[in-house]
Amino acid sequence: MLWLCLFAVHVPWLAGAASLSPGSCAFEDSACGYEWDYEHLPWVLHGEGHYISVDTSHEGKKAVLSSPELYAEEWSCVRLIYQIATTSEASADPARLNLYLRQEGESFDRWLWSAKEPSDSWLIASLDLTNSRKKHKIILEGVMGQDKSASIAVFEIKITSGYCIECDFEENHLCGFVNHWNPNVNWFVGGGNIRSSQSILPKDHTLNSELGHYMYVDSVYVKHFQEVAQLISPKTTAPMSGCLSFYYQLKQESSIVFTVYLRDTSGFYEEIWKTDSALSADWALAEVDFNAPYPMEVIFEVAFNSAKGGYVALDDISFSPVYCNNQTGIPFNPADAGCNFEEDLCNFYQDQKDSPGWSRVKVKRNVYRAGDHTTGLGHYLLANTKFTSQPGYIGRLYGPTLPGNLQFCLRFFYALYGFFQMSGTLAVYIFEENHVVQEKIWSVLDSPKGVWTQAEISFKKPMPCKVVFVSWCKSFWDCGLVALDDVSLSLGSCQAADLLPPNPGECTFEKDECMFTQKKRGRGSWHRRRGQTPTSYTGPKGDHTTGVGYYMYIEASNMVYGQRAYLVSRPLRGTSGKLCLTFFYHMYGAGTGLLSVYLKKEGDDEDIPLWRRTGEQSISWLRGLIEYESDRNYQIIFEAIRGVSIRSDTAIDDVLFQAGPCLEVEEIQFSSGYPDSLNEIEF
């Protein structure tokens, strides 16, 4: 249970209401430029109570509140004080409050935060906004759900420059820091002429005054060995790294352990600092390098061994994006350990003592052999160890050196061909720098033949190491081909990385149809499916996202020749600049018909054709790129037309809307069939 000691009983006022920064509002007598969308439920301003709210007394599903236009080149912190109240029991679809970032030139709002737990008091949420040169707005969305009697209230919004984990503890909300309640030892607010404990210091660090505030914990009520008090920071909401600093005082008569941890969303603790001094009569500065590539909490923990242990005081927590020791070396970039093999091997290599078991290849577009995973038409690595000079038919591919004591997530795509038994044919090892095998961290067990399948591995090693991909054949007679593509490395565990906010405008169809709807549902419409389609010699064997996930397709056996199916996006926000639509399509089958993409602008009767493919294209997933413009609200329509036979299944996957022009542009937007090419591999 989380409990904030000495937290004010009344609603926590944010200091400096008279000089609030742009986008901040106390809702005392106005909405400070915030506007609600009249197409939805109204927000009601309660001047006497200093809050704005929406409830179920009006009919409607949601209420939308947008801030004035904001601009910030530096990081900023949004602090939101809110309450969700309901009189009904737990609902399957409860009322919730969402917060989005709407950036200039983008058709989609970026989700930042959501809350749905009802409470009897006001709560505080802290959200980091990264620096950006784009103008933006903060969007609050109150969704009423299925609760019959519910209300959502926002007491105050405050936007300040800096980071949400920074705090001088001078304001009642304590920057969102909370004390993990313990019956005997807890963090308290000190200073401000409060004289409630023998441990209170005469002056804080921020103001160097008895009127200033700080946090402290003492041992007066300790009853057991190793009593622990924890002060927990707001959770980071954007990747950040640099120097975390704070001031502390420590007085002990018996052993006190003062430690700082990072805790991720899975509950994993990582110690980043521990005091090494027995006494600090004055405020001492502590600095520690801090890496939070995914959501993290900073925990200040004090452990006492007796009631005469002493006390610890804490003040002025701050953060800088520059590491504490002003490191002059180039910091490790995880992107340097990834590769899509389009240009070369990047930082991967093969040992000169080994024969070249891995080759960089490219397959021409055809209906027999799949191309690469990146675009369907690019390069990938292919291991053919049948004729290597290395004993045991082994091919090794070495990655770059990775620093020690960091958590990593390794992701890559592989495909297997020609093996009777697939188990163990591809493995991933961790090697020390002297190439001594330490550990096998992954090995293929089974996989659909010829399907690009994603693997993901979390690992952490204390010493510098290398990732090595090993292709292996059991014998000369059971030796096929191993393909590898789109290797990526990121900081943090794969499970924690999956908890990051989704990319706005992206749809992989893994959970649902996202922003798309259908003009008409039925047997002859688009279907969401995983695995191979029912009809042989047409359709994909797996999706593009992971190889074992979902995609959208038309089932030609349920349709007649020339029948159309439409997948239509919801209305998207128009912008003044160029936009880029990326997607993957699969058109394999002798009777394949047409796949077209249209732009429908608000107010226009005619749809604008953007892209089209006719007839069989490839057995691979191919990438489509479309650059377009629309200064009005618009919709994107995918139209599939059934071809001359049941071998006409057409599929799409991994749709992505992005602001700005496409980094690459397809030369041909409209084409018929595939070129006359053989099943060739280009080395």
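A disulfide is a pair of cysteine sulfur atoms within 2.5 Å. In general terms, a disulfide is a covalent bond between the sulfur atoms of two cysteines. The structure examined here is a predicted model, and a search of the whole of it finds nine disulfides.

One of these disulfides joins cysteine 77 to cysteine 164, with an S to S distance of 2.1 Å. The torsion about this S-S bond is about 105°, so the disulfide of cysteine 77 and cysteine 164 is right-handed. Cysteine 77 belongs to strand S5 (residues 76-86), whereas cysteine 164 is found in the loop between strand S10 (150-161) and strand S11 (178-180); the pair therefore ties together parts that are 87 residues apart in sequence. A residue is counted as buried when its relative accessible area is under 20%. Cysteine 77, at 1% relative accessibility, is therefore buried, and cysteine 164, at 1%, is likewise buried.

A further disulfide is formed by cysteine 409 and cysteine 494, whose sulfur atoms lie 2.0 Å apart. This link is right-handed, with 105° about the S-S bond. Because cysteine 409 lies in strand S24 (residues 406-417) and cysteine 494 in helix H1 (residues 494-497), the pair ties together parts that are 85 residues apart in sequence. Both cysteine 409 and cysteine 494 are buried.

Cysteine 339 and cysteine 346 also form a disulfide, and their sulfur atoms are 2.0 Å apart. With a torsion of about 70° about the S-S bond, this disulfide is right-handed. Cysteine 339 has a relative accessibility of 6% and so counts as buried, whereas cysteine 346, at 38%, counts as partly exposed.

Attention now turns to the nonpolar cores. The largest nonpolar core has 44 residues, and those with the most contacts inside it are Trp187, Phe246, Phe258, Trp273, Phe290 and Phe300. At least two residues of this core are supplied by each of strand S13 (213-218), strand S14 (227-232), strand S15 (240-252), strand S16 (256-264), strand S17 (269-274), strand S18 (280-292), strand S19 (296-304) and strand S20 (310-320). When neighbours within four places in sequence are left aside, the residues in contact with phenylalanine 300 include Phe177, Trp187, Phe246, Phe258, Leu314 and Ile317. Ala229, Gln230 and Leu231 are also among the contacts of phenylalanine 300.

Technical notes. Residues are numbered from 1 along each chain as its sequence is written. This is a predicted model: local features need pLDDT of at least 70, side-chain atom pairs count only at pLDDT 80 or more; totals for chains, interfaces and linings use all residues. Side-chain values use heavy atoms; hydrogens and water are left out. A nonpolar core is a set of buried Ala, Val, Leu, Ile, Met, Phe, Trp, Tyr and Cys residues joined through side-chain atoms within 4.5 Å. Buried means under 20% relative accessible area, exposed over 50%, partly exposed in between (1.4 Å probe, protein chains only). Helices (H or I, at least four residues) and strands (E, at least two) are DSSP runs, numbered from the N terminus. Contact means heavy atoms within 4.5 Å.
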